[in-house]
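Try each task yourself before reading the solution.

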Amino acid sequence: MIKLIASDMDGTLLDSELNITQENIDAIRYAEQHGVEFMIATGRNRAEALPPLEKAGIKCAMITLNGAHVFDKEGNSLFTTPLDKKEVFEMFDILDEHGIYYELSTQNGTYTNSKESRIEHFSTHIIDAFPHLTQKAAIAMTVAHLEFFPVDVTPNLRDLVHQEDTEILKVICFDKRGPDFLGPAAKKIAKFEDCVVTSSGTNNIEINHKHAQKGIAVTHVANDRQINLENVMTIGDNLNDLSMIQVAGVSFAMGNAVVELHEEAKYVTHENMNSGVGKAIIRAIDEKL
């Protein structure tokens, strides 16, 4: 019987308008009524994850930045797992050499060196997640995203890394040319001793410390609550969800998930556009998975 549920957000819990459907909300409430804790495990930072949760009236613990920063239900920081700064500078050299746009996520927020590039590349990322959108609609959504979740602009990201009190928790890269263009740089960075490279879409790569993965963070949270991993349910749609899909006793791939998750997950649910998370939760509880 499940006691803890960890769900991804984009492409999973959120619909095409980046909201949580009423069916998903009701299912989360149903889980809570049955003594099951619900939490988020996302690549977003906490500020980006909060608005749709608050709109839905959901207050929960959060694994953010793919496991690099974990918060309790009250929003208190529990722990961080930052990247090694020497390796971050080496990443920058590789990404700059390949002409790849990147951003930094720290314990204080997300940073870019170009707001215009942010809008251009993130809109492409949105289209990848929601292919029914036009380029114009994706740009409008990106601009709105910036208004609600400001990205700090700094002229030199390297100077930010040099700051002694700044932790680099994630480097995220975007390029509309996709895996064929991002792949060579990703392979070089994946060889770094303390790094792991994942993805939340075909036109991005996400770089974290090797111990900052959703699966590791879920395991940590479960152990803290004295919950056996056999009693943990995870659900996601993309490669940055793979580690938590692999560790959980009950795992669901979204209907819209990448092939790798369909191969690894024990179950498959409906697409995010059809409240797949809610349906998976009800099934898991009612069928005592």
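A salt bridge here is a side-chain nitrogen of Lys or Arg within 4 Å of a carboxyl oxygen of Asp or Glu. The model is predicted, so local features need pLDDT of at least 70 and side-chain atom pairs count only at pLDDT 80 or more, while totals for chains, interfaces and linings use all residues. Residues are numbered from 1 along each chain as its sequence is written, and side-chain values use heavy atoms, with hydrogens and water left out.

**Exercise 1. Salt bridges**

Solution: 
- Step 1. Look at one pair in it: the closest N and O atoms of K214 and D8 are 3.1 Å apart.
- Step 2. Helices (H or I, at least four residues) and strands (E, at least two) are DSSP runs, numbered from the N terminus.
- Step 3. Check accessibility: K214 and D8 are both buried. Buried means under 20% relative accessible area, exposed over 50%, and partly exposed in between (1.4 Å probe, protein chains only).
- Step 4. For the overall tally, the rule gives 16 salt bridges.

**Exercise 2. Two further pairs**

Task: Are E206 and K170 buried or exposed, and what is the relative accessible area of R225?

Solution: 
- Step 1. E206 and K170 form a salt bridge at 3.7 Å, N to O.
- Step 2. E206 is in strand β11 (residues 204-209) and K170 in strand β9 (residues 168-174), so the pair joins parts 36 residues apart in sequence.
- Step 3. Both E206 and K170 are buried.
- Step 4. Now turn to R225 and D224, a salt bridge whose closest N and O atoms are 3.9 Å apart.
- Step 5. R225 is partly exposed, with a relative accessible area of 29%, and D224 is exposed at 58%.

**Exercise 3. A helix pair**

Task: Describe how α2 and α12 pack, starting from the angle and the distance.

Solution: 
- Step 1. Two packed helices are described by the angle between their axes and the distance between the axes.
- Step 2. For α2 (residues 22-33) and α12 (residues 276-286), the angle is about 25 degrees and the axes are 7 Å apart. That makes the two helices, α2 and α12, roughly parallel. Axes are lines fitted to C-alpha atoms, for helices over the stretch in contact, and angles run from 0 to 180 degrees between N-to-C directions. Angles under 35 degrees count as roughly parallel, over 145 as roughly antiparallel, 65 to 115 as roughly perpendicular and the rest as oblique.
- Step 3. On the α2 side, the contact (heavy atoms within 4.5 Å) is made by E23, N24, A27, I28, Y30 and A31.
- Step 4. Follow N24, which is buried with a relative accessible area of 0%. Leaving aside neighbours within four places in sequence, N24 is in contact with L13, S275, G276, V277 and G278.

**Exercise 4. A helix residue**

Task: Which residues does T124 touch, not counting those up to four places away in sequence?

Solution: 
- Step 1. Locate T124 in helix α5 (residues 115-129).
- Step 2. T124 is buried, at 18% relative accessibility.
- Step 3. With that sequence limit, T124 touches K176 and N203.
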